[in-house]
Amino acid sequence: MKSILLKFSVIFLTIGLSNGFTIDGDEDIQDFQGKAYYFSKAKMDLGTWGARLSEGQKKEIEARMKNRLQKNYVLTFNREASFFEEEEQLDAMSGATDSWGKNFTPGHQYKNVKTNSQVQNQEFYGKNFLVKDSLQPIEWLMEKETKQIGNYTCFKATASIPTNELAWYNFSWNTLNDDLDGDTEKETPMTAVEAWYTPQIPVGHGPLEYWGLPGLILEVSAGNTTMLCSKIVLNPKDKVEIKASDKGTIVTKQEYQHIISEKMKEFRANRGGRR
């Protein structure tokens, strides 16, 4: 595919995207396959503690956290299923992989929009889990606004999704403290999501938990993170089988969250106190 240059005004970067492409309705599902390459940019929130730091100290922390704030992913898809994975990066300072951070990052993710199913491989403290569940329900609001992303005409869609459902593989000490306090009256935190999808690639796929739009999601913003598609390859010469992982202890998302919470309670108890 011929490459073109595209400037994302959000972060002032220039990246390459393939030319526009439409899938014929009678095309064999098994014959069609594509790959979308994404990168994420997250803003670091240091809170009130950060206000006491100098600009030099903030930059040093950002350098150390670069591999957590900036990540690269690949989404391999056909008309029904997709496989999403992170490209592993070395720590910006030590040259090692981020072993602690890997406990709370999304693992290899298989989604099937036809069967409404998701299987995600998660490694937590050396143990492999297969998290099997339904796809995250998303009530998209279809907006009229459009913009051109390369040769692709993209349409805007927005949604409000429970924050803990977007990052169920992650962990928050605040959530654990609320559980210990028995505080069940707090309102469920919600995250506003903005997505841009292109009907020129009419598949209902997207990165992470996002899916269900009438076209591939090329850009999505939620909270302090924006994920952008940098390259699309349609019908690559070397095609791969898109299938779910099959090794690990099978659990649901809710069961996996409980496992994380119990492990972190144990971790805190061994440290001799409450965080």
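**Inside the model**

Start with the core. The largest nonpolar core has 46 residues. Those with the most contacts inside it are Tyr38, Phe77, Trp140, Tyr210, Leu216 and Tyr256. A nonpolar core here is a set of buried Ala, Val, Leu, Ile, Met, Phe, Trp, Tyr and Cys residues joined through side-chain atoms within 4.5 Å. Buried means under 20% relative accessible area, exposed over 50%, and partly exposed in between, with a 1.4 Å probe and protein chains only.

Several elements give two or more residues to this core, including β3 (34–42), β4 (70–77), β8 (127–134) and α6 (253–270). Helices (H or I, at least four residues) and strands (E, at least two) are DSSP runs, numbered from the N terminus. Another core lies apart, with six residues, among them Ala81, Val119, Leu130 and Ile242. In soluble globular proteins, nonpolar side chains tend to be buried together.

A word on the source. This is a predicted model, where local features need pLDDT of at least 70, side-chain atom pairs count only at pLDDT 80 or more, and totals for chains, interfaces and linings use all residues. Residues are numbered from 1 along each chain as its sequence is written, and side-chain values use heavy atoms, with hydrogens and water left out.

Next, the cysteines. How many disulfides does the structure hold? Zero, counting a disulfide as a pair of cysteine sulfur atoms within 2.5 Å. Cys154 is buried, at 0% relative accessible area. Cys229 is buried too, at 0%.

Now the rings. Rings of Phe, Tyr and Trp (its six-membered ring) pair if their centres lie within 6.5 Å; planes under 30 degrees apart are stacked, over 60 edge-to-face, the rest tilted. The count is eight aromatic pairs. Phe32 and Phe77 make a tilted pair, 6.1 Å centre to centre, with 55° between the planes. Both are buried. Phe129 and Tyr256 pair edge-to-face, at 5.5 Å and 70°. Phe129 is in strand β8 and Tyr256 in helix α6, so this pair ties together parts 127 residues apart in sequence.

Last, charges over rings. That needs NZ of Lys or CZ of Arg within 6 Å of the ring centre and within 35 degrees of the ring normal. Lys231 lies over the face of Tyr37, 4.6 Å from the ring centre. Lys263 lies over Tyr125, at 5.4 Å.
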